[in-house]
Amino acid sequence: KNPFPAPILEARELFALDGERNCVHIELGIEGSGISYQHGDHVGVWPSNAELEVERLLYALGLHGKRDTVINIDSLDPMLAKVPFPVPTTYATVLRHYIDISAVVGRQILSTLAKFAPSPEAEAFMKNMNTNKEDYSRVVAQGCLKLGELLQLAAGNDVHAPPAPENTAVWTIPFDIVVSSIPRLQPRYYSISSSPKLYSNAIHITAVVLRYESMSSDFLPSKTVYGVGTNF
């Protein structure tokens, strides 16, 4: 609930001569944080979404020109005491830091998103992904499609090109639907590999950087998928 903005004291590649594997040693400074730890404890790191996916979704939602507009979000759910992230905020900040736009899109929300499609073809595509479990599994799940990528694909845009106005159709999805439909971005937990007796003011992490190839489909060739936490 009260994360400490720990400076990165050192970051280095451990398998620099390998070429295939990618494992990093990270040292996080905790001086003045009040944090104490034991060897083998876990540390939670709050990552940010990749800037590419933030840009992609801003274009797809027609919000790129308003990325730094200050907005407020109120909860209409009486069961929630408050909005689960700091407000006021901006569109770009919400997409970068607070909701998990890097996760594979869930099938349940596709019928809602279909209502705001920029074309009948895009609407039909989203409805099919919502109702056809096999197509959803083959295209979205196995293709590891994020929300921005799926919106582009449904609209017939080039998912592999850098997102821009000329290759990203605008979906008129209300931002409150995006916020309420996408899960919150969560911390990633790593085993601490340092000793507090030697490093009382630092936490060391040894982490394999997650990177793998998705499965190809009729709609998309395979692509490289980057883990949110370790690539951050």
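Predicted model: local features only at pLDDT ≥ 70, side-chain atom pairs only at ≥ 80, totals over all residues.

Residues are numbered from 1 along each chain as its sequence is written, and side-chain values use heavy atoms, with hydrogens and water left out.

Begin with the largest pocket, whose volume is about 1,300 Å³. Select P3, G44, V45, W46 and P187, which of the 38 lining residues are the closest to its centre. Then colour β2 (23-29), β3 (42-45), α2 (91-98), β6 (188-191), β7 (202-208) and α8 (228-231), the elements that each give two or more residues to that lining. (Pockets and cavities are found on a 1 Å grid over the protein atoms alone: a cavity is a set of points where a 1.4 Å probe fits but cannot get out, a pocket is an open set with protein on both sides within 12 Å along at least five of seven lines, and lining residues have an atom within 4 Å of a point. Helices, H or I of at least four residues, and strands, E of at least two, are DSSP runs numbered from the N terminus. A volume is the space filled by probe spheres set on the points, which are joined across faces, edges and corners.)

Next, select R138, V139, G143, S214, M215, S216, S217, L220, P221 and K223, which line the largest cavity, with a volume of about 50 Å³.

Now move to C144, in the loop between α5 (133-141) and α6 (147-154), where phi is near 55°, a positive value in a residue other than glycine. C144 is buried, with a relative accessible area of 12% (buried means under 20%, exposed over 50%, partly exposed in between, with a 1.4 Å probe and protein chains only).

Finish at P88, in the loop between β4 (70-71) and β5 (89-90), where a cis peptide bond joins V87 and P88 with omega about 0°.
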